[in-house]
Amino acid sequence: MKLRFWGTRGSLPVALTAADVRVKLARALVAAQGRNFADEAHAMAWLQADLPFAVGGTYGGHSSCVQVVCPGEEFIVCDAGSGLRPFGGHAMAARAGKPGVYHLFMSHLHWDHIMGFPFFTPAYIPGNIINIYGGHADLEHAFRRQQAVPSFPVDFDLLRADIRFHTLEPGRDYDIAGCRVRCKLQMHAGDSYGWRFEHAGRAAVYSTDSEHKLEHLDTTLSFVEFFRDAKVVVFDAMYSLADAISVKEDWGHSSNVIGVELAQLAGVEHLVLFHHEPVFGDERLATIEAETRRFEEITRNERPALKISAAWDGLEIDV
Amino acid sequence: MPLPATRYADVLVLPVSGHIDHLVSDTFLADLMPYAESCRSGGDALVLDMAGLEYISSAGLRVLMQFSKKVRPAGGRVVIASMQKMVREVFDITKFTALFPIYENTPAALAALSPAAVRAHAAG
């Protein structure tokens, strides 16, 4: 199993500006002083190996969309944020013109998590089957509404794929596309659901738009169980802890520190910080990633090291 | 059981010690809350002396936030002193350093809060 990140930004897609690109180029040129590169491939190799990611790359700007790659021909995706558009292009190229079966698991129905669907090309092509799963009873209504007049020029009824909606029950195991899948209710305005995928004895958890208020020990421990022994947990780390429990309390998001603590208690191997605050630039996100690694280090005690990554559009992680 | 406090004039110094995580945060809250009523404008200021605190988790930090939210509207002042290096690092990473005044040690905290408390501390 593998996770492929197509959209990692929270709340609103963002894009690098010309000024952002120039800053990166200037820093790269300064860092490269005195070096000669035979060709672009050599320059690219140096860039990837030696430059900090915040200089040589970017955490990306699409809103939530994460592919769960399992053996088999069917596609599994979490959330339909703007990252669903490039995923759709990738999937169609992989199918080489043949119809495909898609399984889309929704954390919730807020705009940043559904906005990619009207731009998901496979939805327009007859023969494709798209299953949309969620814990919400009004799944279909949300998808139809965003394509209704005056919000979008192409009504949902004009989509030619066979689109089916499935409301699933939290805490119950389902076998879908070769994976065992379970969802868990999370705290977020209008509710959200985390998803746990298990295949061949390995588990990955996608848990975004989830506030952890730390008020009740039972609630905390229920998330520890949901994350238990997962190889990878994708975690909503939008705010600092101080913000999450003070000025942004009840905004429905969590912090890097709570992610580390839950992952440590659950015996997780790899924690992926996700749903990045849209006002944060690459340097800030790199700092958060470094601070989170340090927090894990100083709180590790006798536990095995927990790997920490900040997600970026294009990241792939083996599960 | 309330934390044992030492009074220096209009300042109470409360020692916070041990390992505060999700398992004991409710107890920590119960121990701290008895001091909320007198921590107000014209009442007592509080110094949380963390010299003996080895670890505090997000659940423990949430207790500090709850206490602060309760006393600040009434003009209550809460400061922190004598943090160990690791706890200070946790405060830095969680951005709690922006939420509480932090002092090197209790005498420095008293100096920032009340001349009367400084005199009382010097008098032993």
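# Around Ala112(B) and beyond

Leaving aside residues up to four places away in sequence, Ala112(B) touches Val79(B), Pro101(B) and Tyr103(B); two residues touch, or are in contact, if their C-beta atoms, placed from the backbone, lie within 7 Å. This is a predicted model, in which local features need pLDDT of at least 70 and side-chain atom pairs count only at pLDDT 80 or more, while totals for chains, interfaces and linings use all residues. Residues are numbered from 1 along each chain as its sequence is written, and chains are lettered from A and ligands numbered from 1 in the order in which they are written.

**Confidence**

- The predictor gives the complex an ipTM of 0.89 and a pTM of 0.94.
- The average pLDDT of chain B is 94, and 98% of the residues score at least 70; pLDDT is the predictor's confidence in each residue, from 0 to 100.

**More on Ala112(B)**

- You will find Ala112(B) in helix 4 of chain B, residues 106–113; helices (H or I, at least four residues) and strands (E, at least two) are DSSP runs, numbered from the N terminus.
- Ala112(B) is partly exposed because 17 other C-beta atoms lie within 10 Å. A residue is buried if 20 or more other C-beta atoms lie within 10 Å of its own, exposed if 12 or fewer, and partly exposed in between, with C-beta atoms placed from the backbone.
- Gly18(B) is 94 residues from Ala112(B) along the chain, and their C-alpha atoms are separated by 26 Å.

**Chain B as a whole**

- Chain B has five helices and seven strands.
- If you follow the sequence, the pattern reads β-β-β-α-β-β-α-β-α-β-α-α.
- Chain B is as compact as a globular protein of its length, because its radius of gyration is 14 Å, close to the 14 Å that the globule rule gives for 124 residues. Here the radius of gyration is taken over C-alpha atoms, and the globule rule is 2.2 Å times the number of residues to the power 0.38.
- The C-alpha trace of chain B spans about 35 × 30 × 25 Å along its principal axes.
- Of the 124 residues in chain B, 43% count as buried.
- Among the contacts in chain B with a separation of 6 or more, 77% are between residues 24 or more positions apart.

**Strand 4 of chain B**

- Strand 4 covers residues 45–49 of chain B, and five of its five residues are buried.
- Strand 2 of chain B, residues 11–15, pairs with strand 4 in the parallel sense over five bridges; two strands pair if DSSP finds at least two bridges between them.
- Leu48(B) in strand 4 is the bridge partner of Leu14(B).
- Strand 4 also runs parallel to strand 6 of chain B, residues 78–81, and four bridges join them.
- Val78(B) in strand 6 is the bridge partner of Leu46(B).

**Where the chains meet**

- The contact takes 16 residues from chain A and 15 residues from chain B.
- On the chain A side, helix 7 (217–227), helix 8 (241–244), helix 9 (256–266) and helix 10 (282–298) each supply at least two residues.
- Helix 10 of chain A gives the most to this side, with four residues.
- The chain A side divides into nine nonpolar, three polar and four charged residues; Ala, Val, Leu, Ile, Met, Phe, Trp, Tyr, Cys and Pro count as nonpolar, Asp, Glu, Lys and Arg as charged, and the others, Gly among them, as polar.

**The nonpolar core**

- The largest nonpolar core has 120 residues, of which Ala204(A), Phe227(A), Val233(A), Val234(A) and Val272(A) touch the most other members. Such a core is a set of buried Ala, Val, Leu, Ile, Met, Phe, Trp, Tyr and Cys residues joined through C-beta atoms within 7 Å.
- Not counting residues up to four places away in sequence, Val233(A) touches Val205(A), Ser207(A), Phe227(A), Ala263(A), Val268(A), Leu271(A) and Val272(A).

**Backbone details in chain A**

- A cis peptide bond joins Val149(A) and Pro150(A), with omega about 5 degrees. Pro150(A) lies in the loop between helix 6 (139–146) and strand 6 (162–167) of chain A.
- Asp79(A), a residue other than glycine, has a positive phi near 70 degrees. Asp79(A) is found in the loop between strand 3 (75–78) and helix 4 (84–95) of chain A, and is buried because 29 other C-beta atoms lie within 10 Å.
- Ala200(A), a residue other than glycine, has a positive phi near 50 degrees. Ala200(A) is in the loop between strand 9 (192–199) and strand 10 (202–207) of chain A, and counts as exposed because it has 10 C-beta neighbours inside 10 Å.
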